[in-house]
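Subject: Structure handover

Hi,

Here is the structure for you to open. My notes follow below it.

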Amino acid sequence: MRQSRRWAFGLAAVVALSPSACTASHYAQVSCEGVHRQSIFILAAQAVPSATFIPCIEPLPAGWSYAGSDVRSGSVRFWLDSDRVGARAVEVTMTPDCDLAGSFEVALTEPSDLRLFEESDAETATIRHYVFPGGCVTIRFSFTRSDDASILAEADRLLGFTPRSVYTEGVRIGEGLTLCGAGAPPCPG
């Protein structure tokens, strides 16, 4: 049994790091609750091994739904639909870094390792970048503050961050394997 779990984990690693996409829309959501039990986060940690944080979704209020995800080597993307502002109302993308040209820094108190930048000329969408050691999470809201300030305030509370170490430790304890990257040995190649 243990060998088959290791084989399955190895297969998941190969799929996550292959050039083609690994779409994970069958997951209920990329929830911050019970993160150690969701394999989507292990795939995310493998896709962007330099990242020290992994984005997740806080409990969704009425009217919001998880719509899907796409995990590729070098990027992780997931999106949320809203019954008020439409499909893909919020799209979250994690990459090793991001272009902050045209953005300004916004004060952020917690967690202290995160820095928040917002694009200043977003006329049709609100775009935010959370920057941290080894990664960047870009959030594209398909609407602006002027469209509906209350929806933006609600959507702003949907995203959370979990330290990558939660997943590396979970894989080490649960599978007896090392998840290379930030907080672990460097990845080969």
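Start with Ser-39. Ser-39 counts as partly exposed because its relative accessibility is 35%; buried means under 20% relative accessible area, exposed over 50%, and partly exposed in between (1.4 Å probe, protein chains only). Ser-39 sits in helix H2. From Ser-39 to Tyr-167 the C-alpha to C-alpha distance is 9.3 Å, although 128 residues separate them in sequence.

Some ground rules. This is a predicted model, where local features need pLDDT of at least 70, side-chain atom pairs count only at pLDDT 80 or more, and totals for chains, interfaces and linings use all residues. Residues are numbered from 1 along each chain as its sequence is written, and side-chain values use heavy atoms, with hydrogens and water left out.

Overall fold:
The protein chain has 4 helices and 10 strands. These are DSSP runs, numbered from the N terminus: helices are H or I with at least four residues, strands are E with at least two. Their order along the sequence is α-β-α-β-β-β-β-β-β-β-β-α-β-α. The chain has 189 residues, and 44% of them count as buried. Take the contacts (heavy atoms within 4.5 Å) between residues at least 6 apart in sequence: 54% join residues at least 24 apart.

In soluble globular proteins, nonpolar side chains tend to be buried together. Here the largest nonpolar core has 41 residues, and Trp-64, Met-94 and Val-137 have the most contacts inside it. Helix H2 (residues 39–47) gives this core its largest share, 7 residues. Such a core is a set of buried Ala, Val, Leu, Ile, Met, Phe, Trp, Tyr and Cys residues joined through side-chain atoms within 4.5 Å. Leaving aside neighbours within four places in sequence, Trp-64 has contacts that include Leu-80, Val-90, Ala-155 and Leu-158.

Cavities:
How many cavities of 30 Å³ or more are there? The count is 2. A cavity is a set of points, on a 1 Å grid over the protein atoms alone, where a 1.4 Å probe fits but cannot get out; lining residues have an atom within 4 Å of a point. Grid points are joined across faces, edges and corners, and volume is the space filled by probe spheres set on the points. The largest cavity holds about 50 Å³. Its lining includes Phe-78, Leu-80, Val-90, Asp-156 and Leu-158. At least two lining residues come from each of strand S4 (75–82), strand S5 (86–95), strand S9 (135–141) and helix H3 (149–156).

Best wishes

Notes:
1 Å grid on protein atoms, 1.4 Å probe; cavity = no way out; pocket = protein on both sides within 12 Å on 5 of 7 lines; lining within 4 Å.
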